[in-house]
Amino acid sequence: MDGVDLEVEQGTFVALIGPSGAGKSTLLGLLAGLEKADEGVVEKDGAPLLEAGSVAYMPQSDLLLPWRSVLANVSLGLEAGGTPRKEARARAAEVLGGFGLAEFAKRSPWALSGGMRSRVALLRTALLGRDVLLLDEPFGALDALTRRHLQEWLLGVRDGLAATIVLVTHDVDEALLLADRVVVLTKRPARVALDLSVDLDRPRTMGVETTAGFSRLKGRLLGALGVAG
Amino acid sequence: MKGRAAGAGRALPAALLAGLALAGWEAVVRLFGVPAFLLPGPTAIAGAFWGSRGLLLEHAVPTAGEAVVGFLGAAVAGTVSGVVINRSPLMERSLYPWLVASQTLPIIAVAPILVTWFGYGPLPKVLVVVLFCFFPITVATVDGLRATEPDLLRLMRSFGASRWRTFFMVEMPGALPFLFGGVRLAVTYCVVGAVIGEWVGSSAGLGFLMIQDKAQFEIPRLFAEIALLSAMGVSLFLAVALLQRLVAPWTLRRDRR
């Protein structure tokens, strides 16, 4: 990474996009406080972020624990952070209900579809109640159709989630559909190639992808990525 | 009901094979008139068992006790040493090599020393069993803890979890499939360990009885004792398998990830 200077305003949904190996995941790890930068700083609300545990982070694979039920998987983050088990489970049950997944609470992770596993992993992250949510290609491992469903779902529940979201993706459509702002990184060494404000109306639906405004933005993104646009 | 029927069906081939082998054995012994002090037939062994059933069961109790207590001791010692080795690089470098070296000692040669130290009671037998059984459990614990996905550790860090919580919520349960593998292996050694301990010096137990019967040419009963020991080992193995099914059913799934 070389001179990546990024400021994310509270309450915005930013998508980070770039070629494989550009260091998107590394950047997210830095933002999460999981990795240390050789040079430079990460600040949150003006104070340097030195340790993990102050922002919510969702890794690429869902990492659900097979010995825990869906409910217990959702409450894992709270329990790991020291919330008493009973309280954590109660809040997990509440959020599962709120997202219409109450019927899955007692299931085991292996009994879930890939899409459902991703939902559970996302709720586990969201339940932490932190004001920043970092998502590392959350739908990357899903098939195309399931991914569409999940994007639509995320679009619908976005307001119920944390204020600020940073999403790493390699999917241009996904970035435009979900984000308020798309930042394109170049190949190594990663620099910001384009910082694009997505001025599409909200609330959005999947239908936005067929509008002229969407195509225009997509063209610019593909151009910045070096793909014929 | 369906599950039970399927289980019985699965055991059928093994039972058939055993039946065939026993029938063949009996036939050979009868056809060629093999003397009972060389090789008794299955019916002769069964007869010896039935004739001495009180004595055999009386001596089976201490042997089973030594095997079970020793095995439990080995489970604790193996898990604790595995955790210590996993937690501390210094322990891994200092303790692990010596634990490996301890496995090259012929335990049968160590057993008499244990008897001179601890007498003819059950303690030296229990210690022999521990020596026989702990190592596979140590190795399984070390490997299981080491197999924790790095991404999972990162996730726990992102939750702000302490090392302690990470260990109990993620690493230890994640090591259970390995740990049970080691325990299932170890449990098959524990009866053998108890018998070897008894051979060296004892006044009770199936191992003690075997030595006596060999000296007195009670060969059919010697075979009955071997069969009883084998049944004891198989029962313990099945008990461990049942325990695994009850406390950690997910470890038995192939698609657990």
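This is a predicted model: local features need pLDDT of at least 70, side-chain atom pairs count only at pLDDT 80 or more; totals for chains, interfaces and linings use all residues.
**Entry 1: where the chains meet.** I started at the contact between the two chains. Here 16 residues of chain A touch 19 residues of chain B. Which element gives the most to chain A's side? I found helix α3 of chain A, residues 76-80, which supplies three residues. Then I sorted chain A's side of the contact by class: ten residues are nonpolar, five are polar and one is charged.

**Entry 2: domains of chain A.** Next I looked up how chain A is divided. The assignment gives domain 1 as 13-63 + 130-225, so written in two stretches, and domain 2 as 65-111. How many Å lie between the centres of these domains of chain A? Taken over C-alpha atoms, the centres of domain 1 and domain 2 are 25 Å apart.

**Entry 3: the make-up of chain B.** I turned to chain B and went through its secondary structure. I counted eleven helices and zero strands. Reading along the sequence, I wrote the pattern down as α-α-α-α-α-α-α-α-α-α-α.

**Entry 4: extent and burial of chain B.** I checked the C-alpha trace of chain B along its principal axes, and the spans are about 75 × 55 × 30 Å. What share of chain B's residues counts as buried? Of its 257 residues, 34% do, with buried taken as 20 or more other C-beta atoms within 10 Å of a residue's own.

**Entry 5: contacts along chain B.** Last, I looked at contacts in chain B between residues at least 6 apart in sequence. Of these, 77% join residues at least 24 apart.

Notes. Residues are numbered from 1 along each chain as its sequence is written. Chains are lettered from A and ligands numbered from 1 in the order in which they are written. Two residues are in contact if their C-beta atoms, placed from the backbone, lie within 7 Å. Helices (H or I, at least four residues) and strands (E, at least two) are DSSP runs, numbered from the N terminus. Ala, Val, Leu, Ile, Met, Phe, Trp, Tyr, Cys and Pro count as nonpolar, Asp, Glu, Lys and Arg as charged, and the others, Gly among them, as polar. A residue is buried if 20 or more other C-beta atoms lie within 10 Å of its own, exposed if 12 or fewer, and partly exposed in between; C-beta atoms are placed from the backbone.
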